[in-house]
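Please look through the sequence and the model shown below before reading on. The report that follows takes up a few residues at a time and asks where they lie and what surrounds them.

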Amino acid sequence: MNKTKTPTADKKTFPLRLPPDIYRQVRNAVQKEKDKGNYAYSINDYLTEIIERELRKNRKKEKNNG
């Protein structure tokens, strides 16, 4: 399911290689969300949220410093 307004054809993909211990932590965090009833939640959703949060935080930091 496309949760954004970006057409699938316009999305960018890239390979992501995580060490096994980091992948296990990510997978556990996603599983906790699924256990709450959000069965459509995925590793991609989790990683996208982290990236978006960090980008917003950096934008705010740059705005306050500049």
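Is D45 buried or exposed? D45 counts as buried because its relative accessibility is 18%, where buried means under 20% relative accessible area, exposed means over 50%, and partly exposed is in between, computed with a 1.4 Å probe and with protein chains only. This residue has its place in helix α2, and helices here are DSSP runs of H or I with at least four residues, while strands are runs of E with at least two, numbered from the N terminus.

If residues up to four places away in sequence are not counted, D45 touches K3 and A40, contact being taken as heavy atoms within 4.5 Å. D45 and K3 are 42 residues apart along the chain, and their C-alpha atoms are separated by 9.4 Å.

## How the model should be read

This is a predicted model, in which local features need pLDDT of at least 70 and side-chain atom pairs count only at pLDDT 80 or more, whereas totals for chains, interfaces and linings use all residues. Residues are numbered from 1 along each chain as its sequence is written, and side-chain values use heavy atoms, with hydrogens and water left out.

## Exposed residues and distances

The segment before α1, a helix that covers residues 20-35, holds P15, and A9 also has its place in the segment before α1. P15 counts as exposed because its relative accessibility is 62%, and A9 counts as exposed because its value is 74%. Between the C-alpha atoms of P15 and N44, which are 29 residues apart along the chain, the separation is 12 Å. For A9 and D45, which are 36 residues apart in sequence, the C-alpha to C-alpha distance is 18 Å.

P20 has its place in helix α1, and with 59% relative accessibility P20 counts as exposed. The C-alpha atoms of P20 and N64 are separated by 37 Å, and these two residues are 44 residues apart along the chain.

## Two salt bridges

How many salt bridges does the rule give? The count comes to two, with a salt bridge defined as a side-chain nitrogen of Lys or Arg within 4 Å of a carboxyl oxygen of Asp or Glu. One of them joins K57 to E54, with the closest N and O atoms 3.1 Å apart. K57 and E54 are three residues apart in helix α2, so they are separated by about one helical turn. K57 is partly exposed, with a relative accessible area of 43%, and E54 also counts as partly exposed, at 36% relative accessibility.

A salt bridge is also formed by K36 with E33, where the closest N and O atoms are 3.8 Å apart. Here K36 counts as exposed, because its relative accessibility is 67%, whereas E33 is partly exposed, with a relative accessible area of 24%.

## Patches on the surface

Patches are made of residues with over 30% relative accessible area and no salt bridge, with like charges joined within 9 Å and nonpolar side chains (Val, Leu, Ile, Met, Phe, Trp, Tyr) joined within 5 Å. Accessible areas come from the Shrake-Rupley method with a 1.4 Å probe, and for residues only the protein chains shown count as cover. A nonpolar patch on the surface is formed by F14, L16, L18, I22, Y23, I51 and L55, which together have about 640 Å² of accessible area. The elements that give two or more residues to this nonpolar patch are α1 and α2. I22 has its place in helix α1, and this residue is partly exposed, with a relative accessible area of 33%.

Which residues form the positive surface patch? They are R53, R56, R59, K60 and K63, where Lys and Arg count as positive and Asp and Glu as negative, with His and the chain ends not counted. The place of a charge is taken as NZ of Lys, CZ of Arg, CG of Asp or CD of Glu. R53 is found in helix α2, which covers residues 43-65, and counts as partly exposed at 45% relative accessibility.
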